[in-house]
Structures are given as structure tokens and as C-alpha cells.
Amino acid sequence: MKNPKNLDSYVSKEEFFKPVVEDGSDVIFIVDFQGIIKYHNRAVEENLGYKPNSLIEKNFFDFIHPDTLTSFKEAFKKSISKPFEENIEFYFLCKDSSYRYFEFNSINIWHKNRIEGLILDCRDITQRKKDAEELLKAQKAKEQFLANMSHEIRTPINGIAGLVSLMAESTDDDERKSYLSAIQKSAESLKVIINDILDLSIIESGKLKLEKIGFSLKSQLDSLNNTFIYQAKSKNISLNFNLSPEANLIIIGDPVRLNQVLINLLSNALKFTHEGKIEVSVNLEYKIKNVCYISFTVSDTGIGIQKQKLKSIFESFTQADESVTRRYGGTGLGLAITKQLVELQGGEIKVSSEEKKGSDFKFTLPYKTGTFDDLEEKKSKKPQRDYWFENYKVLLVEDNDINRLYVTKLLKKWNIDADEAENGIEAMEKISTKHYDLILMDLQMPVMDGFESTTLIRKKFRPPKSNIPIIALTANAVKADTERCFEVGMNDYISKPFRPEELLNLLVKYEKGVNSSNFPEPDKKENVTDLSYLFDSCHGDKQFVLEMIDVFVKSTPKSIIEIESLIEQKNWRDVSKEAHKIKPSISFMGLSSGIQLVKEIEASGNSGDLNIGVHISEKFMALKKIINKAIIELQDYKTELTKQG
């Protein structure tokens, strides 16, 4: 390194790092190559407890935990040799003498204008570390769960396969009816297992939405009685529902989720009770203004639960003991789902039990009181099931015959003209010769999967074909898959199995042109990115630009998915925070059409506006389209830049 410029002079001028510091909410340090701190922003006080400027001229290494200092120095040394580095973890001493986990992304100022220093953008990862420890503890339980699931799923499938073979060979009508009955029972068992797994996945992803509609507690209990009375009679068990007069109310809440909780508890009671009775008691515990606290108790005279097992009975993948799993089957998820559903509705659930005498499950939920008008209002606002499209053409790309039949029947019902393709190759051929308003794209297919197909559609075709909305059809609605959907340029996704109204809502959303709002939208023929500022900032350092592009392409889709999840949760304050975090990266990539949207989303999140949901959702959809287009442009630009050497 020859004739390095003075870092103190650089810091005083606040040149390159200024927009990052002003727009970023993370802890920012500027240090020289020996670790001497030359600058830190005000976030240091909020996160670490140190007063402004109090750490300047101190050595960064002196604040690293001794047990991790050696490995950190090695990582720091590597950062000095690179234009950009990311995700370097360190354990930092706070003012109160505690240590907290952070990670930094570094920008090497040497690669910009030969100044020996690093800008460290630091993020607190203490909670992530704690979560990792909890995940490790849960791993053993999940491994046991997977072994159990293998058995639980294979058993009904093997039964169905065997019975179908016997049924095909049989000519006796009574014998065939008995086979059909057994097949139906096996299918129901399999459905319960799959529903439990899907329910837990949705709840733990934070995407479960609770309704707030008027419903009658008496009607709810009458429906449950009709559902379970036959099963109770078949086991010669008395089933009683007791609704106190004070609790005979119309209330505002989510009747479906209340029903799910009670069904789980009643199913368990019936499973583990062989004689005696089951009682469901509903009472008004107390009332504060217009909020009533309703208690629900499900009591049985079944086998009971061991005292030492009561603490873990609500944990995922757990049953009272292995003998219960072997004798009664099940996923061990029912009570875990029940507990989470109760807590999501603002309540709590408790259990008391004695072996060989029975169990009592009691939970209390808060509800606003309603009137008969609330029931009528909901009926009048019931969504219209029928929808009629005009001149709408959809391409369904799906390799499964049954799924294709199901979806095409639904599309035909809504007057949609649909073409079919069994893989990505067929889809490309059809798109090249025909016009489509929307594509439904399965992810896992032979020959060419949905990810590769979408990438080619976005790159190979010119507008408007390259901009056709693409909705992913996925049976694996895990975060990694959904992130990848957006990374390759898909507009949305729907998880299998899906209900007709879920698909219809997405079709209506894109048929109405969700992106044709009044917000800025990029010209289809013009680039949305402008890298001139980035090139000027690093004096034409191509390697630096390539690394910055890599970081943007890798991290921004994750941020977009996080914001989308927060919007679904109506967590407007955190939406504002996430929008604030991505402002600098959008500025660096020159997304002039996107920066204003980000600022408006950030401001809306803190505005307290009653129509905040509508405002943010519309702006976010426009922003997501811009970013999807930017990622495609940047990937193409990176390829061209790499070819130039």
C-alpha cells in the first residue's frame, strides 16, 4: 500500500459513508486497519450504552470477548484484503459490562480512494444466537417426530394401496363396500396428519390471519354436538354441552379457530376415553366494558396424563409417552396447535389430570360482545363466490394429471381460457407463439422446473411477454422456496392444497392490474437501475461494483419477503423499520423510481393513518415490481461486466 491518505481527514469530510450513516439504523463504526475507532454513529449509545464519540481513538479489538478475539482478528484481516465483506460475527463488550453478539458488513475504503480504513455496518444478532440454541434443543424432538410421521403416513397409505388391490379383485358387493369403508377411514386418518402439519407450519410462519366476525356461541356448540355425537354413541360415551345463560351471547371473533381448538380437545377426549362421559362447559368468567372473557372447559373420564408429563403436553411433536403413540397413533401436534391458537387469540390454556380418572382442559378467550345485527351484516357482506372473467387467457404449467384437471375445471368455471403444459420446455414453446395474461407455474417438474422456466421467461422474451404475471404453485411453502420464487422473478405464490377462493383471489388481484396504481412505475423499455453513482463512488472499481450487486441481489428479496410478512400481520411499525433498512441499498443501485416509494412506506408506517393498510399495500406492490425488474437487470449487467474482464 503506497502513500495511504489520512483516515481522520476522510472521516471529517464524511464523504462516501455519509448516506449510509444517515439512512441506516444499524450501528456504524469506521476503523483503520489496526482497529483504531475513528468514528461511530449515535446508534452505538442506543445499542451498546456508550456516549457519542466516547469510543473514538480506542481499539476495536479491546472490546471483543477474549474467547473469540483470535478468530475475530483473522476475519478482520481478511476483510482488509477485500473491497466488501459480509456477515462477520463478533461478541462485543457493552457499557454495562455485558456482551452482545453482532455481525458486520464492511466496505473497504482502500478500494475507493486508497484510504486505510473500513466502514463497519453492524447488526445485533443476539436474539438469532439464542434462537439457534433453542433450535438445537428442539432438533431431537423433531427427529423423533419425523420417525413417528414416517410410520403414521405409511400406515394409511399402505392400507389404501392394499385395499384397492383387494377391491379390484373382489366381485362381492358387500365385500367391496367394506373395503370402501376401510379406505375412507384410512384417507381420513391421512388427512388429519397432513392438516396438523400444515396448520403448525402456517402458525409458526406468522402468516395465520384471525377473523373478527359476529357469531353465536350456542350455534357453535350445536354444530360441535352434531359433529361428535355419533362417535360418542359408537363408544357408548355420554357427551354433554353446558352453556351458561350468561355466556349465551353473540360475540365478535374467529369462529373457525375457536372451532378448531374445541375439535382438537374433543377429538383427544374421545380418543383417550373408553367409558364414562365427556363434558364441554362454557361460562362467562367476567366482563370489562364491552369485552367478555369466556371460559371453555373440556372434561373427560379417560386414561389421564402422568403428573410429570403435564408440563410438556403442549410442546410440538410430544405425546404423553411412546406407548400412547404406539397404541393411539397421531402426530403429537394437536395440543401444540391448540395452545398456539388459543394464545394467538389472546387467551391461555391449562390442563389438570389424574391417571385413570380423566383430564380437564380449560382455556379462556376475550371477545367483544356483538348483536344480531353483526350476524346479519356478515351475511350481507359474504364474498361473492362466482366471478366471470372476460377474454382472459391463462397458461397452467403442471406435471400432475390430477392437479391439472382440478385447476382447469376451476378456471373453466370462471370463464377463463386455459392452456396446459407439463413442463417448462412445453411452456416456453407455448409462450413463444401465444399471448397469455397470467401463468400458473408449478415448481417441481421434470425436464425443466418452475424456477428455471421463470428465469428464462424473464430473460428470453421481450415485453409484454417478459412481464407476464407468474404465480407459483408450490407444495413446499417453506421460506427458502418462497424467497427463491421472488429471486427468479415470480410475482406471487399459492400453497398446495389450496381452496378455490384462494386461487380466485389471486387471479382477480392480477386481472385488475395490481401494479397499475398511481405510484411511479418503471417504463417497460427502460432500465430502472442507474449505477453511475456507485461507479463514481468507487472510481470505476468493477470488482467493487460486482460485489455490491451480489449483495443487493442476495439480500433484497429476503427483505421484500420480510416486509410482505409484516404487512400481512399489519405490523406497520416494523414495516417502517424494514423499509428504512433497505433505503441505502436502493439508493446505491440508483432505483430512483423505488426510493420515493420506500420513503413513503416508511413514513406511512409511523403515520397512524386509519387507511394505512391500503396505502402501504399499494406502494409495496409497486416497489416489489421495481425491485424484481432491477434484480433481472443487475444480473444481466453483471454478466456483461464479467465478460468485459
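In this predicted model, strand E11 (residues 348-354) pairs with E12 in the antiparallel sense over seven bridges.

Five strands make up an open sheet whose order is E14-E13-E15-E16-E17, with parallel pairing. Why is one side of E14 and of E17 left without a neighbour in the sheet? Strand E14 (417-421) and strand E17 (492-495) stand at the edges and each has a single partner strand, so one side of each has no neighbour there. On average, neighbouring strands of this sheet are turned by 20° against each other, direction ignored.

Within the sheet, E13 (residues 393-397) and E14 run parallel and are joined by five bridges. Leu 396 faces Glu 420 of E14 as its opposite residue. Helix H14 (residues 424-433) packs on the sheet and touches E13, E14 and strand E15 (438-442). The direction of H14 makes about 160° with that of E13. A further helix, H15 (residues 450-460), lies across E15 and strand E16 (470-474), running at about 150° to E15.

The side chains can be followed next. In soluble globular proteins, nonpolar side chains tend to be buried together. The largest nonpolar core here has 69 residues, of which Trp 414, Leu 440, Leu 503, Ile 586 and Met 589 touch the most other members. Helix H19 (residues 542-568) supplies the largest share of this core, twelve residues.

Which residues does Leu 503 touch, not counting residues up to four places away in sequence? With that exclusion, Leu 503 touches Val 407, Leu 410, Trp 414, Leu 440, Ile 494 and Phe 498. Of these, Trp 414 and Leu 440 are also among the core residues that touch the most other members.

Another core, of 40 residues, lies apart from the largest one. Its members include Ala 247, Ile 278, Val 280 and Val 282.

Definitions and conventions:
Residues numbered from 1 in each chain as written. Predicted model: local features only at pLDDT ≥ 70, side-chain atom pairs only at ≥ 80, totals over all residues. Heavy atoms only, no water. Pairing = 2+ DSSP bridges. Helix = DSSP H or I, 4+ residues; strand = E, 2+ residues; numbered from the N terminus. Axes fitted to C-alpha atoms, helices over the stretch in contact; angles between N-to-C directions. Contact = heavy atoms within 4.5 Å. Core = buried A, V, L, I, M, F, W, Y, C linked by side-chain atoms within 4.5 Å. Buried < 20%, exposed > 50% of the residue type's maximum accessible area, 1.4 Å probe, protein only.
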